[in-house]
Amino acid sequence: MSTLTQASSFLCYQRARTITRASIQIPKKLTTDPLNLPKLLSQVVLSVDQEINQNPKTNTKETDPTAIEKLYLIMEAVADRVEMHKNIGEQRNNWNSLLLTSINAITLSASIMAAIAATSVAYGASVEVPKLSSSFMYVAVTGMLIVMNKIQPSQLAEEQRNAARLLKQLHGHIQTKIAISNPTQDDVDEAMEEVLAIDRAYPLPLLGVMLEKFPSKIASSSFQFFLVQAAVWWPEKRSNTVKGKDNKNGWNEGLEDEMKEIARVLENKDKADYLRLDEKFVMLNKVLALSGPLLTGFGAIGSAFLGSSHHSWAAVAGVMCGVVASVVNSIEHAGQVGMVVEIYRSNAGFFGMVEESIELNLKEGDVEKREDGELFEMKLALQLGRSVQELRDLAASSTKNEKEMKEFGSKLF
């Protein structure tokens, strides 16, 4: 009896093995070069897709045969961009520290030379050498400060860090798309648009395309006007077709009302608050950026008049302007005020993106073309650092107190 059982088990195993091997045929001629992994994976996936398309019972969605290969090419470009933004971000952070150290050293040296020239007058010694040295250093440092305050290296470094982070997110999103779905040409186009949108939002070059560090255009948010604009790193959103389990795609009237309230809170509280803070820091940065070169310029003028009939005020200007300029430069660049400006601008942009995604789903009349309601609610809760229940409580509390919203939408920042 045991012999018959073993024979039966062996026959079943052989039959199952034959069926399994017959269902998916891997190409015999596959490239095994480890440096050509995307091409290898695309060949395997293409073979699997061909087998699935031949079986109508398992084919649930038409797949573009070249879409996966195109997405792998985009992933390679995104990975390369991540490294570029990371390296350039480190470089510009070095600019900030090295330029600040050099400028403060030159400024204090010019102030010391002015002090030496001022004391030389009292002893009847020649003041020409220290006076000219001080004036030359002040003029040189004034030019360096104008350039440094114009480009704001700490803000440039933060821009590149943001770009690297967003590109890493996009890289993971494409990987997930390949792993759990059947990519099409629409997915390829969407990925391309997202890459180019990040390129526009955080450009690598400085000349010609550098973001304006002291904007003069007025931006509006919920009837409030600001001198700054939120960052925008995403393309124009298109409706998704991720369907839920039922014919309502996870949506109901209560969920729609909840999303409307969340969008209102994000617009009136979170986004507006960060734009307001960003505006204050931009104004502070602008005052500091103007004060530094003005002080060193006055120092250069004061040094030039040492030993003249205006010696008394020239000595004060030559010495004190350099000391005060060093303090101002340290507050602006060692304190990385430009980086704070960019952080607030990016945070405001994040809330703008979340708000836009909510409005896109609510404007779509056909619920089948929206994102799945339950998944969208959970994703929104994670983005705001809340649980799903906390998100619902926030919407309920804002509905009761429409005139005065005390709680912010996000708990992350």
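Student: Is Glu-390 buried, exposed or partly exposed?
Tutor: This is a predicted model. Glu-390 has 30% relative accessibility.

Student: Which residue forms a salt bridge with Glu-390?
Tutor: A carboxyl oxygen of Glu needs a side-chain nitrogen of Lys or Arg within 4 Å. Here the closest N and O atoms are 3.5 Å apart. The partner is Lys-411.

Student: How many residues apart in sequence are Lys-411 and Glu-390?
Tutor: Glu-390 lies in helix 11. Lys-411 lies in the segment after helix 11. The pair therefore ties together parts whose separation in sequence is 21 residues.

Student: Is Lys-411 buried, exposed or partly exposed?
Tutor: Exposed would need over 50%. Lys-411 has 48% relative accessibility. That makes Lys-411 partly exposed.

Student: Which residue forms a salt bridge with Arg-392?
Tutor: The closest N and O atoms of this pair are 2.9 Å apart. Arg-392 is in helix 11, and its partner is in helix 10 (residues 373-383). The two are 15 residues apart. The partner is Glu-377.

Student: Is Glu-377 buried or exposed?
Tutor: Arg-392 is partly exposed, with a relative accessible area of 40%. Glu-377 has 5% relative accessibility. Buried means under 20%. So Glu-377 counts as buried.

Student: Which helix holds Asp-199, the salt-bridge partner of Arg-81?
Tutor: The closest N and O atoms of Arg-81 and Asp-199 are 2.9 Å apart. Arg-81 lies in helix 3 (residues 67-122). The pair ties together parts that are 118 residues apart in sequence, because Asp-199 lies in helix 6 (residues 185-201).

Student: How many salt bridges does the count come to?
Tutor: The pair Arg-81 and Asp-199 is a salt bridge. So is the pair Arg-392 and Glu-377. The count comes to 13.

Student: Which helix gives the most to the nonpolar patch?
Tutor: The patch has an area of about 600 Å². Its members are Leu-290, Leu-294, Phe-298, Ile-301, Phe-305 and Trp-313. Four residues come from the helix that spans residues 253-304. That is helix 7.

Student: Is Leu-294 buried or exposed?
Tutor: Leu-294 is found in helix 7. Its relative accessibility is 52%. Exposed means over 50%. So Leu-294 counts as exposed.

Notes:
Residues numbered from 1 in each chain as written. Predicted model: local features only at pLDDT ≥ 70, side-chain atom pairs only at ≥ 80, totals over all residues. Heavy atoms only, no water. Buried < 20%, exposed > 50% of the residue type's maximum accessible area, 1.4 Å probe, protein only. Patch = residues over 30% accessible without salt bridge, like charges linked within 9 Å, V, L, I, M, F, W, Y side chains within 5 Å. Areas by Shrake-Rupley, 256 points an atom, 1.4 Å probe, with all protein chains shown as cover.
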